[in-house]
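These are my notebook entries from one sitting with the model.

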Amino acid sequence: MGKLDDNYIRSGEFAKISGVNKQTLFFYDKIHLFSPAFVDTQGYRYYTFAQLDVFSTIMALKTIGMSLEEIRKYIDTRTARTTQELFKSCIGKTRDKITELEILSREMEKKIELIEKAGSIRCGEVYIEHQEKQYLQCSPYIAGDAADMERYVCIGGLSEYRLRHQLHCGHAMGGMVEKAFLEHPKGNQTKYCRYFTVIDNPEKDKGNMEKSAGNYLVLYYKGPYDKTFLAYPQILEYAASHKMILGDYAYEESLIDEISECRSENYITQITVPFTFSG
C-alpha cells in the first residue's frame, strides 16, 4: 500500500477516540475479535473511522454482560432480529443487577448511620433505650458446650446468606446470648447461642425471629467481640439495683466492626437486654 489517506488513523489515536488504551486494541486483535485495517512493514497498526461503529458495538455488547468470546461469535452474524432477542434475554439480568445495587446502596447507608451513632455514644455506661422492632435472620441454636466447628459452620451459613442477599455492607453479624450465660459466664470468651443478621423483610418459615420493640438495657462495649462478657457484671449490677428482671436473651451487634476498623480493640458492640420491673 502506498501513502495512507486521511481515513486511516494510528492505534493510539483510535484508542483515544474510542475511550480505551492501546493494550485493549492489541488484545482484541490477538483474540481475533477486532483487528486493525492495516499493519505496515514496521508493525504500526492503522484503523479506519468506519471501524468505530464496529468497536462501539463491541463495547455495547460487553456492557450488557456478554463475554469477549460470545461477542466474537456474535459480532459478524448479528441482525436486528437477533439483537432484539439478545436484549430481551439480557434486560432481566440488568434489572436484577439494578435491584442488587439499590439494596447495596441502602446497606451502605445503614453502615454510615451505625458509624455516626458510634461517634455519639459513651462506652462503658448502662442506658435505658427504646428499641424499634427488628427482624432477625438467625443461625440454628448452638449449645453452650458446642464444638468450635459447629459455631464456624453456623457463622459460615449466615455469612453465605448475607452475601447472597447483599447484606454484608450494612449491619454487622450479631449474636444472641442466653440469660444463663449472661448471669454466669464460663470460659474466657463470649458464647453465643445464635448468630443473626438484621433483615428488612422476613421470609416466612426461613429461620427468622423477631426482636420486639420496647425498652432495653443498653451498654456499648469497646473491644473485641469475644470479650463482651466482661461488660455483663455491670449490666447485672444495674438491673439488680433498679429491681429489674432481665429477658431470656441479650442481643449483641457491632456499630464499629471489622469492615470499619482494622484493630479489634476499637470495635464497638451494642449490647441490648430486654427487661421488666419486678413487682
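I was reading a predicted model, in which local features need pLDDT of at least 70 and side-chain atom pairs count only at pLDDT 80 or more, while totals for chains, interfaces and linings use all residues. Residues are numbered from 1 along each chain as its sequence is written, and side-chain values use heavy atoms, with hydrogens and water left out. I then searched the whole structure for disulfides and found 0, where a disulfide is a pair of cysteine sulfur atoms within 2.5 Å. C138 is accordingly in no disulfide, and the nearest cysteine sulfur, that of C193, is 8.9 Å away. I also looked up C90, which is buried with a relative accessible area of 12%.

**Strand β5.** Next I took β5, residues 134-138, of which 4 of the 5 are buried, so the strand is largely enclosed by the rest of the structure. My strands (E, at least two residues) and helices (H or I, at least four) are DSSP runs numbered from the N terminus, and I call two strands paired if DSSP finds at least two bridges between them. β5 pairs in the antiparallel sense with β8 (residues 208-211) over 4 bridges, and with β7 (residues 194-199), again antiparallel, over 4 bridges.

**Sheet β1-β3-β2.** I then traced an open sheet of 3 strands in the order β1-β3-β2, with antiparallel pairing. β1 (8-10) and β2 (38-39) stand at the edges with a single partner strand each, so one side of each is left without a neighbour in the sheet. Between β1 and β3 (residues 45-48) I counted 3 bridges, and R10 stands opposite Y46 in β3. The C-alpha atoms of F49 and I9 are separated by 7.6 Å, although the two residues are 40 apart along the chain.

**Helix α2.** In α2 (residues 22-30) I listed L25, Y28 and D29 as buried. They cover an arc of only 100° around the axis (taken from the directions from the helix axis to the C-beta atoms), which puts them on the same side of α2. The exposed residues Q23 and K30 sit on the face turned away from that buried side.

**Largest pocket.** Last, I looked up the largest pocket, whose volume is about 530 Å³. A pocket here is an open set of points on a 1 Å grid over the protein atoms alone, where a 1.4 Å probe fits, with protein on both sides within 12 Å along at least five of seven lines, and lining residues have an atom within 4 Å of a point. Of its 28 lining residues, the closest to the centre are I155, M173, Y192, Y195 and Y225. The elements that give two or more residues to the lining are α6 (148-164), β6 (174-178) and β11 (249-256), and α6 supplies the largest share, 6 residues.

Technical notes: Buried means under 20% relative accessible area, exposed over 50%, partly exposed in between (1.4 Å probe, protein chains only). Grid points are joined across faces, edges and corners, and a volume is the space filled by probe spheres set on the points.
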